[in-house]
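Biologist: I'd like to go through some of the words we use for this model. Could you set each value against its definition for me?

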Amino acid sequence: MLELELDVQRDGFALNVRLALARGPTALVGPNGSGKSTLLRAILGAVPVQRGRIVLDEHTLLDTARGVSVPTEERRVAWVPQEYALFPHLTVLENVGFGVPGPTGRARAAAVMDQLGLAALRSRRPGALSGGERQKVALARALATEPRALLLDEPLAALDADTREATRALLAETLHRLAIPSLVVTHEMRDVLALGGPVVLIEAGHVRSTGTLDVFRASPPSEFARSLITRAVGGV
Amino acid sequence: MLMLAVLAVPLLALVLSTSPVDLVAGLRHPLALSALRLSLLTTTSSLSLTLLLGTPLAWWMARHPGPAERVAAILVQLPIVVPPAVSGLALLLAFGRRGLLGPVLEQAGWALPFTTAAVVLAELFVSAPFYIQSAATAFRGLDEDLLWAARSLGAGPARRFFRVVLPLSRPGIVSGAALSWARALGEFGATLMFAGNLQGRTQTLPLAIYSALETDLRPAKALSILLVAVALGVLGVLGRRTVLEAARARA
């Protein structure tokens with residue numbers, strides 16, 4: 001369970017969010033500039049939060065009223081940004097093992113790489129990988145640390161259509177198996193459908209709606225939501 | 001073409017006027033040997049201090065843009081632009097026996113001027129800016145998301161710095177260090193004023209060349225050729241970046 005109450009003021013933009021995320025994947029949708037990436041970064045601790053609280057399971061990561069702010073490196077919140085932010089100077093194995101130093105960590109990194117079918121790429125560098133491979137490495141790197149929550153910022157957006165199809169299923173399956181609160185930013189209704197979990201719609205820095213996928217589809221809460229759904233139907 | 005000739009002829013003259021026999025004899029001259037030793041010692045020391053003290057400063061400047069950083073940037077650039085003689089005088093007025101910090105240093109039992117330590121300080125003063133600018137530029141160019149990714153993976157400040165920041169900034173750090181070392185090796189004016197010209201103690205290679213002019217030209221020529229060879233080596237380290245690019249490197 002990830003509970004959020006966040007008030008972020010940043011360069012004239014205001015984000016004001018109250019959310020409770022259950023275990024498993026939650027899709028985060030909304031127009032460009034509505035604050036999706038900022039929300040992820042606020043949970044990570046990468047943008048200052050003026051007022052708010054973040055509670056992950058029983059751990060308080062942030063409570064501005066009590067002056068609590070756990071540093072990013074101790075939050076155990078994994079983050080996969082849009083361009084993946086893989087370390088270009090490290091091999092795939094070193095990337096995946098970055099968060100888990102030591103022999104046990106190396107074993108865990110190898111296990112996660114096996115699961116995602118990355119074993120053959122272990123000594124390549126990110127520059128020599130395809131988009132889909134990079135995406136998997138970023139996911140493996142995040143999972144190797146055994147995070148308590150996972151933040152994915154448009155994980156499939158940088159992939160070509162074919163790779164996206166294949167990776168989407170793997171991603172959805174992995175996130176369900178993990179059973180930790182996972183927030184997945186996306187612009188594609190197909191991703192939302194594949195994830196199958198609750199949908200959070202955010203517009204202009206505020207949560208417009210939150211609920212199950214079925215309710216989201218049955219009665220789209222806004223014009224943006226309607227277009228997201230119809231675009232998926234029409235765009236096949 | 002004329003410009004190229006102006007640049008090339010003096011170097012050509014230097015090489016042509018020195019026979020291999022002269023070169024060997026010049027390098028074996030006592031003046032040359034002691035200057036060579038001293039220059040190696042002092043430039044190694046000043047480069048170590050530059051890396052040790054300059055890296056945190058460069059990091060701070062790259063990470064905290066603002067009024068304080070702009071003041072620091074001016075302070076860092078001044079020694080590059082100010083004539084070395086002025087730097088020498090300033091060092092003397094700061095650390096000399098009657099200088100600003102003279103009494104403090106004297107109480108601590110330190111007399112800097114005209115010692116080998118003074119040579120190191122003069123070299124540090126004039127050469128560190130080249131490294132700091134180059135390192136700060138490299139640090140500024142880092143992708144912020146890589147550092148956040150490292151943090152989200154549990155990496156503390158030291159691990160982030162040594163595993164992510166340093167390796168990714170290596171080109172800027174290496175070329176800055178090479179340039180800074182070359183500047184320290186060639187330091188003349190500030191050293192002469194602040195440290196003097198005492199063989200074995202403060203007489204570095206450039207000062208030895210200057211002193212040899214009055215007695216025996218062979219060590220002067222031999223050392224000059226040596227310094228040109230070293231300079232070519234530094235250009236090799238800089239690779240395709242030009243010296244000016246590396247020197248001026250700043251955001």
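Biologist: Why does A:Tyr84 count as buried?

Modeller: A residue is buried if 20 or more other C-beta atoms lie within 10 Å of its own, exposed if 12 or fewer, and partly exposed in between, with C-beta atoms placed from the backbone. A:Tyr84 has 23 C-beta neighbours inside 10 Å, so it counts as buried. You'll find A:Tyr84 in the loop between β7 and α2 (92-96) of chain A, and its phi is positive, about 75 degrees, although it is not a glycine.

Before we go on: this is a predicted model, where local features need pLDDT of at least 70 and side-chain atom pairs count only at pLDDT 80 or more, while totals for chains, interfaces and linings use all residues. Residues are numbered from 1 along each chain as its sequence is written, and chains are lettered from A and ligands numbered from 1 in the order in which they are written.

Biologist: And what makes A:Glu146 partly exposed?

Modeller: A:Glu146 has 14 other C-beta atoms within 10 Å, so it is partly exposed. A:Glu146 isn't a glycine either, yet its phi is positive, about 50 degrees. Look for A:Glu146 in the loop between α4 (131-144) and β8 (149-153) of chain A.

Biologist: How do you know that B:Gly233 is exposed?

Modeller: B:Gly233 has 11 other C-beta atoms within 10 Å, which means that it is exposed. B:Gly233 sits in helix α13 (residues 217-238) of chain B. Between B:Gly233 and B:Ala178 there are 55 residues in sequence, but C-alpha to C-alpha they are 9.3 Å apart in space.

Biologist: What counts as a helix here, and how many does chain B have?

Modeller: Helices (H or I, at least four residues) and strands (E, at least two) are DSSP runs, numbered from the N terminus. Chain B comes to 14 helices and zero strands. Its C-alpha trace spans about 65 × 55 × 30 Å along the principal axes, and 39% of its 251 residues are buried.

Biologist: What makes helix α8 of chain B mostly covered?

Modeller: Helix α8 (residues 144-152) has nine residues, and seven of them are buried. Among them are B:Leu146, B:Trp148 and B:Arg151. The buried residues of α8(B) pack against α1 (36-44) and β7 of chain A, together with α9 (157-168) of chain B. After α8(B) comes B:Gly154, with a positive phi near 95 degrees.

Biologist: Let's move to helix pairs. Why are α3(B) and α12(B) called roughly antiparallel?

Modeller: Axes are lines fitted to C-alpha atoms, for helices over the stretch in contact, and angles run from 0 to 180 degrees between N-to-C directions. Angles under 35 degrees count as roughly parallel, over 145 as roughly antiparallel, 65 to 115 as roughly perpendicular and the rest as oblique. Helix α3 (residues 30-63) and helix α12 (residues 205-212) of chain B pack at about 160 degrees, with their axes 8 Å apart. So α3(B) and α12(B) are roughly antiparallel to each other. On α3(B) the contact includes B:Leu31 and B:Ser39, and on α12(B) it includes B:Leu205 and B:Ala212; two residues are in contact if their C-beta atoms lie within 7 Å.

Biologist: What kinds of residues make that contact of α3(B) with α12(B)?

Modeller: Seven nonpolar, two polar and no charged residues. Here Ala, Val, Leu, Ile, Met, Phe, Trp, Tyr, Cys and Pro count as nonpolar, Asp, Glu, Lys and Arg as charged, and the others, Gly among them, as polar.

Biologist: Then why is α3(B) called oblique to α10(B)?

Modeller: The axes of α3(B) and helix α10 (residues 170-186) of chain B cross at roughly 140 degrees and come within 9 Å. That makes α3(B) oblique to α10(B). In this pair, residues of α3(B) such as B:Thr43 and B:Leu47 meet residues of α10(B), including B:Ala177 and B:Trp181. By class, the contact of α3(B) with α10(B) has six nonpolar, five polar and no charged residues.

Biologist: Last one: how many residues does the contact take from chain A, and how many from chain B?

Modeller: Chain A gives 15 residues and chain B gives 14. On the side of chain A that touches chain B, strand β7 (residues 77-80) contributes the most, with three residues. That side of chain A divides into nine nonpolar, four polar and two charged residues.
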